[in-house]
Amino acid sequence: MSLRTPIKHLPSISYRALCFCSTISSTRQTQTKTHNQQNQSESQQQHKDPYTLLRQDPIEILLSLWVKTFSSPATFSFPNLTGFLSKLDLWVLAYQRAAAHVTGTFPPRNSLHSNTLHSLLSLQDAVVRSRFRWHQKSHQILLSPNDTPLDKLSKTKLKAFLDSGDPLFQDRVVQEILLMLLEPVFESRFSSKSHAFRPGRNAHTVIRTIRSNFAGYVWFLKGDLTELLDRVQFDVILNCVENVVRDKKVLSLIKSALKDSSNSRIKSDGNCEGLLRKRKKRKKKKTILKANEPKPDPYWLRTFFHFAPEEAAKVPCYGHCGILSPLLANVCLNELDQMMEEKIVKFFKPNKLDSVWKDSINDGCHNPAWPEFVPLSENEKTKKMDYVRYGGHFLVGIRGSREDAVQLREEIIEFCERRFGTRLDDTKVDIEHISRGIQFLDHIICRRMIHPTLRFVGTGGKVVSKKGVGTMLSVTASLQQCIRRFRRLQLLKGDRDPEPLPCIPMLYSSQAHSNSQMNKFLETMADWYRYADNRKKIVAFCAYVIRSSLAKLYAARYRLKSRAKVYKKASRDLSRPLRERSSNSEPEYSDLVRRGLADAIERVQFSHMSLIPSCDYSPFPRNWVPGHERVLHEYIRLQDPKFFCDLHKSIKHDGLCLPQDQISEIVWDFKTVGVWRYLSHDDTVTTNDAEKIDGAL
């Protein structure tokens with residue numbers, strides 16, 4: 001008897017119910033099939049040899065991506081970046097960079113263990129198949145070289161690890177690979193006006209840009225956008241990224257990192273309060289570094305970090321994005337940069353009576369060797385504007401009236417409210433005059449009137465001397481900011497007449513170690529104030545504070561009563577060795593240094609004003625481009641066959657030859673004749689060379 005005959009006689013079961021049951025059974029079968037396929041793929045990933053997948057150089061892969069992004073038009077979008085995520089070579093490079101951040105040493109590619117490569121392969125498979133979750137501490141796929149597995153931790157350590165808000169190592173690896181893929185995509189579209197968190201650009205390029213391009217401006221707009229970066233909605237960030245990147249895998253990773261951040265922030269804040277309460281009750285124990293744990297930053301570097309300017313001290317952080325957050329902040333503010341570039345072109349109104357900007361907006365290069373000087377013009381002046389941004393702070397220079405500055409401030413505030421959903425207060429965008437001085441990156445921008453003597457050749461070949469009048473842009477380091485930083489470090493007290501204090505953190509260090517640490521700090525400070533007009537003055541003040549602080553420390557350590565006695569025994573630069581007691585039984589310090597039992601004592605640098613380097617006034621090009629971008633543009637031009645053929649034709653037409661061919665001709669001439677037979681453009685040997693050849697023969 002078949003199955004159809006009893007089904008026909010069952011009145012309670014309808015045809016729809018049977019269809020529904022059949023669909024349920026089919027869906028269960030498909031689910032079991034997909035589950036089995038996933039298990040099979042996981043088993044295949046485990047049995048797959050990762051060494052066979054390491055076929056390419058990751059630098060070549062990234063170079064091809066950089067070339068593609070810089071050669072593509074500005075309106076081009078990237079729909080497929082998942083192909084780069086499926087390459088294990090990039091994941092190995094990301095692991096190396098993340099391990100260097102954790103351990104302090106960059107591990108070679110050949111030294112990676114097979115277990116590490118298998119973990120990287122499984123992490124890559126989880127990211128590509130959309131099974132990766134940020135900050136998933138209970139299921140860690142990849143561990144750092146310093147981490148211990150969860151099953152080997154005690155209950156207290158496991159609970160502390162789960163309650164802490166520290167980022168995971170596998171999250172850092174995923175952030176590294178996303179940064180390697182997204183940085184070249186957006187670097188080709190970023191404005192040249194932004195200088196923070198970008199390769200090849202830093203605070204020094206901002207100062208040099210101000211020195212070369214901001215001469216002649218009267219009114220300045222100084223804006224603070226840190227509040228905007230803190231309150232920006234995550235949907236705005238995603239929309240800015242989606243305008244260029246259309247890859248769903250990459251967008252889902254960024255979206256999950258941004259969406260999960262709100263919950264994790266609330267949890268981490270509450271847990272941090274509880275951990276702080278527990279830490280207050282406990283006594284501090286002396287920490288012992290592990291075998292692979294990096295050493296903490298030295299004292300001189302931690303001291304220099306306190307001198308970071310306000311504009312560079314705060315780094316944006318969006319949830320689990322980590323090192324990807326500064327790039328996302330630049331992606332958002334790039335729209336403001338593009339808007340300001342359009343405003344600069346519209347605002348420019350040339351005037352024939354102006355001394356510098358008469359015709360075009362690029363007439364400012366009248367004297368590249370002295371761009372800070374602008375000859376004085378009459379009331380009829382060219383209206384001009386320039387803009388530069390460093391992170392969440394920007395500076396706008398305006399050659400016009402104050403009403404123009406007020407109107408521009410209103411337009412910036414309106415644009416930020418319309419695009420980012422945050423209205424800035426008027427106090428966040430200050431309007432300042434050049435006569436009062438504008439402080440930016442701990443440097444003060446001001447001007448002074450000068451009367452240089454201009455010499456030129458007149459009619460009849462006579463040298464004419466004439467007195468000129470103009471304004472000189474001055475960029476000086478802020479001495480008051482430097483005093484505040486030293487006071488915060490407790491190396492100085494007082495404001496009007498500051499008095500150095502002993503360097504207590506170096507109390508138990510030797511004289512050689514203390515001098516070497518402070519020398520590195522002074523060298524770094526001299527490099528930081530490299531482009532300041534008062535570089536000698538500010539570095540001399542830093543050297544005075546450091547030298548006096550060390551002298552007071554040595555006076556307390558070696559039981560000397562004053563700094564004068566320390567300088568008398570150790571000299572002004574503190575290079576002579578100091579001892580606690582004078583005994584004939586102790587060997588000489590020079591003998592200990594020669595035997596290798598003591599370190600040589602370095603002299604404290606910049607003890608005299610003549611030893612301090614002066615300000616670097618090297619010219620800075622107006623349309624400056626970093627070196628790596630210049631090389632990329634030249635490489636892309638050479639890849640064009642039309643440009644290469646034209647270049648080859650011009651070389652043949654002008655009679656030029658490659659350097660290798662010229663060297664081979666010289667070597668052949670010296671081997672055969674003994675003299676280089678130089679040929680002119682008409683392919684004839686010159687008379688002097690002919691005489692030399694005849695004499696040699």
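**Close-up views of a predicted model**

**View 1. Gln 481 has its place in helix 18, which spans residues 479-488.** The structure shown in this and the following views is a predicted model, and this should be kept in mind when reading every legend. Gln 481 has a relative accessibility of 14%, and because buried means under 20%, this residue counts as buried. When its neighbours within four places in sequence are left aside, Gln 481 is in contact with Gln 439 and Asp 442.

**View 2. Gln 170 is a buried residue of helix 8.** Helix 8 runs over residues 169-187, and Gln 170 lies within that stretch. With a relative accessibility of 1%, Gln 170 counts as buried. A polar atom of the Gln 170 side chain lies 2.8 Å from the backbone nitrogen of Ile 141.

View 3. The axis of helix 5, which covers residues 88-103, comes within 8 Å of the axis of helix 8, and the two cross at roughly 120 degrees. The crossing of helix 5 and helix 8 is right-handed. On the side of helix 5, the residues that meet helix 8 include Leu 90, Trp 91, Ala 94, Arg 97, Ala 98 and His 101, while those of helix 8 include Phe 169, Arg 172, Val 173, Glu 176, Ile 177 and Met 180. Sorted by class, this contact has 15 nonpolar, 1 polar and 3 charged residues.

**View 4. Helix 9 is largely enclosed by the rest of the structure.** Helix 9 spans residues 203-213, and because 11 of its 11 residues are buried, the helix is largely enclosed. The buried residues include Ala 203, Val 206, Ile 207 and Ile 210, but also Arg 208, Arg 211 and Asn 213. Among the elements that cover the buried residues of helix 9 are strand 3 (384-390), strand 4 (393-399), strand 6 (438-440), strand 7 (443-450) and strand 10 (470-477), together with helix 19 (511-528).

**View 5. A side chain reaches towards the backbone at the start of helix 9.** Here a side-chain oxygen of Asn 202 comes to within 3.2 Å of the backbone nitrogen of His 204. His 204 is itself one of the buried residues of helix 9.

Key:
Residues are numbered from 1 along each chain as its sequence is written. This is a predicted model: local features need pLDDT of at least 70, side-chain atom pairs count only at pLDDT 80 or more; totals for chains, interfaces and linings use all residues. Side-chain values use heavy atoms; hydrogens and water are left out. Helices (H or I, at least four residues) and strands (E, at least two) are DSSP runs, numbered from the N terminus. Buried means under 20% relative accessible area, exposed over 50%, partly exposed in between (1.4 Å probe, protein chains only). A polar contact is a pair of N or O atoms within 3.5 Å; within protein, one must be able to donate a hydrogen and the other to accept it, and residues adjacent in sequence count only if both atoms are side-chain atoms. Axes are lines fitted to C-alpha atoms, for helices over the stretch in contact, and angles run from 0 to 180 degrees between N-to-C directions. A crossing is left-handed if the near helix is turned anticlockwise from the far one by less than a right angle, and right-handed if clockwise. Contact means heavy atoms within 4.5 Å. Ala, Val, Leu, Ile, Met, Phe, Trp, Tyr, Cys and Pro count as nonpolar, Asp, Glu, Lys and Arg as charged, and the others, Gly among them, as polar.
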